[in-house]
Amino acid sequence: MNEPVPYSILAETFEIIEQEPKRLKITEIVSDLLRSIIYLTPEDLLPCVYLCLNKLGPAYEGAELGVGESLLVKAMRDATGRSIKTIQEDIEALGDIGLVAASSRGRQKTLLRPKPMTVRGVYETLKKIAAVTGNTSTQKKVDLIKNGLVACRSSCEAKFWIRSLSGKLRIGLAEQTVLTSLGHAIALTPPAHLDAEDGARAKQETLDRSVSLVKTAFCEMPSLDKLVPALLEHPLEDIPLYCTVTPGIPVKPMLAHPTKCIRQILSRFEGHAFTCEYKYDGERAQLHLCEDGTAKVYSRNQEDTTQKFPDIIARVNKIKKDETIRSFILDCEAVAWDASKRELLPFQVLSTRKRKEVEAQAISIHVCVFAFDLLYLNGTPCHRLPFCDRRMLLKENFIPLEGQFQFAKGMDSQDTEDIQDFLDQSIKDKCEGLMIKTLSSHATYEISKRSRNWLKLKADYLEGIGDTLDLVVIGATKGQGKRTGVYGNFLLACYNPTSEQYETICKLGTGLSEENLDAFTSTLQGLVIKAPKGYYKCDRADATVWFSPSVVWEIKASDLSISPKYQAAKGLVHPNKGISLRFPRFLRIREDKTPEEATTSQSVAHFYNLQQNKQELVEHDEY
Ligand code: ATP
């Protein structure tokens, strides 16, 4: 009991999962592993869950490994004595640096055999690697990686040690699966164990309830540092008391469903009171005031963006109704503001603001915060109140200040003509369109959900396919003629979270300005890789240059078509053909989205089905 869990156990579990196609089975395998850990060495549960998710800590702490392929190759050279060139050739041939580490392991020669790795040791080393700074940081990181490699007892350990460092485990272990397994493990392991006499149905209900408690807690408080110890310490039923919406910890935001016309909104919300609000074209900003007086701003991805917005922080005391307001969480959109013309500026202007170390006095791009929701006030979460009550509390407790802090402009009429006029007015006022929200029934704030209680109606969806897509740039071809020296044609991909693969969807060549082409080329040059990643579903002939998945672009298209060439959503609408975008057009860079938050293959299939009228855009069967 309490012996550190050997890393070999985790690596062997990863190996089994990699071969296992069924999600239910994967959930069971992970749950069995977590159960043993809870029973034998509970203090290793947290590092084990982090390693399963390939994360170092909560997103808002922003720890990053800062390890590129070249560092891994150097460490492999130092551990095995192989040349950089041969290692790189192997990577190109196998398409996976983890496999190269596994196959190189036998060549390691060590006099003193280091101790075997443990789960907690691996996690601590990853954190150490992320924390290394200074002039010699590269060498220090290489040494830490090499020491890990030398300590590996099997090729499977080497494979997953290197894959963890490369940022992708590639075993199809998604966050939701790990949370489900954690829920099962907690329910099945003492002290909250199930009685043997419980029937199968009762057992399933207990498991489902546990998963739901774990997932809800993680949405409300997306910090495993807090959730895992709470699960070990308290009865499951009490978890909502310990893990709930709290200032200082960003909440995963509620998202909206796209709609194409007012008729769909009316049929969706028939019989329910709703309101329309301007959909501002800026950046989502969750503004927190903690009980100790600290104020924070978080992005749509739960990143801490406080440093980018010192001006917003400076306003916190001015927007409170009075000194009785001690703590809050406001959901807002930060929008660039032209103070002389007293009007909004487009997102593109805001995107030029520096991300870090902005001095409040040196800010040239002014920002007005539009608050549209209140999730917490003075020690009490309010996300479970209906929107009409949250909106009332918002307006009662905060003071608007022109050009600095305003409430999202809203209109409660449910008449088609009024909505049309309000939509037109929103466009004149430099917004993207409308957000339509239920007011009293089915009107709680659904954390982390793309909810059907929030609909978005963007003016430019009214034609086209219903929404824009956020796609990852994975390749390009070098430009010719006038475009020599810059990339000419970009290969874009959507993300399939089930297989953890990027699937090609279209090429984008026309409509990019010279400045854009220059800027994109210089960013993408830093991401060039020798060959497409093993987890790209693509045709090698699609591009002449390949990139690591990093850059996400928002793209508008005229429609979707079935394609024998592209891989997006293959098998979802056609057994062996994919879907491609017709007439794709670049709209903007999505700096607030990671490649794994790009439009999913499942959404692409959904858009295609909508277009074919196989499905109503907004389903009616929910209320
Ligand atoms: P996705 O691409 O995943 O759908 P997104 O970030 O592009 O998400 P949309 O779904 O297009 O966002 O629209 C919702 C976004 O609109 C919110 O995330 C928020 O940033 C912004 N927004 C602007 N005004 C409002 C408002 N009044 N209420 C809610 N969100 C608003």
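Guide: What follows is a set of questions about the labels used for this structure, which is a predicted model.

Visitor: Let's start at the ligand. Which residues are the closest to the ligand, and how many surround it?

Guide: The ligand is surrounded by 18 residues, and the closest are Arg300, Glu333, Arg450, Lys456 and Arg590.

Visitor: How do you know that the ligand lies between domain 1 and domain 2?

Guide: Domain 1 (255-462) and domain 2 (469-619) both give residues to the shell, so the ligand lies between them.

Visitor: Which strands supply the shell, and what kinds of residue does the shell hold?

Guide: At least two residues each come from strand E2 (274-279), strand E11 (433-438) and strand E12 (450-458). E12 gives the largest share, four residues. By kind, the shell has twelve charged residues, six nonpolar and no polar ones.

Visitor: E11 and E12 come up together there. What makes E11 and E12 a pair?

Guide: A pair needs at least two bridges. E11 and E12 are joined by five bridges and run antiparallel, so they count as paired. Leu434, for instance, stands opposite Leu457 in E12. Both strands belong to an open sheet of five strands with mixed pairing, in the order E1-E12-E11-E2-E10.

Visitor: Why is one side of strand E1 and of strand E10 left without a neighbour in the sheet?

Guide: E1 (255-258) and E10 (410-411) stand at the edges with a single partner strand each, so one side of each has no neighbour in the sheet.

Visitor: Let's turn to strand E13. Why is E13 called largely enclosed?

Guide: E13 covers residues 469-478, and eight of its ten residues are buried, so the rest of the structure largely encloses the strand.

Visitor: How many bridges join E13 to strand E18, and how do you know that the two pair?

Guide: E13 and E18 (residues 545-547) share two bridges in the antiparallel sense. The requirement is at least two, so this count meets it. Gly475 has Trp546 in E18 as its bridge partner. E13 is also joined to E14 (residues 487-496) by six bridges, antiparallel, with Lys478 opposite Tyr487. Four antiparallel bridges join E13 to E19 (residues 552-556), where Val472 stands opposite Val552.

Visitor: Finally, two helix residues. Is Ala79 buried or exposed?

Guide: Ala79, in helix H4 (residues 69-80), has 7% relative accessibility and therefore counts as buried, because the cut-off is under 20%.

Visitor: What makes Gln425 partly exposed?

Guide: Gln425 sits in helix H18 (residues 416-428). Exposed begins over 50% and buried is under 20%, so with 33% relative accessibility Gln425 counts as partly exposed.

Technical notes
Residues are numbered from 1 along each chain as its sequence is written. This is a predicted model: local features need pLDDT of at least 70, side-chain atom pairs count only at pLDDT 80 or more; totals for chains, interfaces and linings use all residues. Side-chain values use heavy atoms; hydrogens and water are left out. A residue is near a molecule or strand if one of its heavy atoms lies within 4 Å of it. Ala, Val, Leu, Ile, Met, Phe, Trp, Tyr, Cys and Pro count as nonpolar, Asp, Glu, Lys and Arg as charged, and the others, Gly among them, as polar. Domain bounds come from an automatic or database domain assignment. Buried means under 20% relative accessible area, exposed over 50%, partly exposed in between (1.4 Å probe, protein chains only).
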